[in-house]
Amino acid sequence: GERMAGLAFASAGLARAGLARGPSQRGRGAGRSGGRSACTCVAQAESDDQGNHPPPPQYKPAFDLEADQALDMQLESLKRNNEPYVDHGIEVLYRFADIDPFARSGYFGRNLDLGQFERFRRVLHTHEYRALLNHVRFEPLSTLRLGEHKVKKRYFVEGFRPGESGTFEWTLTQKIGGLKDGYWFTESLISDSDAQEL
């Protein structure tokens, strides 16, 4: 009774918003299953609205973030890498990365093409960087201010796998001028084990 009325009301709202697909609409997902999945999503959304799962915060560069806050945000996201979805922490790191998608980058200490997220993601799943993913703890080791708008920070990171740890060096730069004026971005993230190989 009440539940069906609620689903019908919610389905009508989805249809007005152009999110529900009915049998008369063409394209992927059209037909009976498309209509049913819209109702299922609404029913799930209604149960989620009762308090268990708040929407994930949007971690990205912002004018009001200082260098320490920007780096802490990245480390905390990597600590919970797979929350609310797989590799979300890496995605946050990618948002803060000062990478030109049309040029090779020295972000990881080597000249790599990181313009696509998948390539960036793969590097973080390598042996040199995987201690960062879902790590247990991190500890600042040193800070070196290279200028008013550039800082290097070294951190020890203890991975969740027994015996897995690493020391990582972040270089953060603050943009001057343009749309991102005052925003802190990560210029490079270098693993100590990676630096020893070079």
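Student: How many of the 10 residues of β3 are buried, and is β3 mostly covered or uncovered?

Tutor: Happy to. This is a predicted model, in which local features need pLDDT of at least 70 and side-chain atom pairs count only at pLDDT 80 or more, while totals for chains, interfaces and linings use all residues. Residues are numbered from 1 along each chain as its sequence is written, and side-chain values use heavy atoms, with hydrogens and water left out.

In β3, 8 of the 10 residues are buried, so the strand is mostly covered; buried means under 20% relative accessible area, exposed over 50%, and partly exposed in between, with a 1.4 Å probe and protein chains only. Strands here are DSSP runs of E with at least two residues, numbered from the N terminus.

β3 spans residues 165-174 and runs antiparallel to β2, with 9 bridges joining them; two strands pair if DSSP finds at least two bridges between them. Along this pairing, Val 157 has Gly 166 as its bridge partner, and Lys 150 has Thr 173. The two strands form a hairpin with 6 residues between them, and Gly 163 in that turn has a positive phi of about 80 degrees.

On the other pairing of β3, 7 bridges link it to the antiparallel strand β4, residues 184-191, where Ser 191 stands opposite Phe 168.

Back in β2 (residues 150-158), the covered face carries Val 151, Lys 153, Tyr 155 and Val 157, whereas the uncovered face includes Lys 150 and Phe 156. Phe 156 is also the bridge partner of Glu 139. β2 is joined to β1 (residues 137-147) by 9 bridges, again antiparallel, in a hairpin with 2 residues between the strands.

Key:
Helix = DSSP H or I, 4+ residues; strand = E, 2+ residues; numbered from the N terminus.
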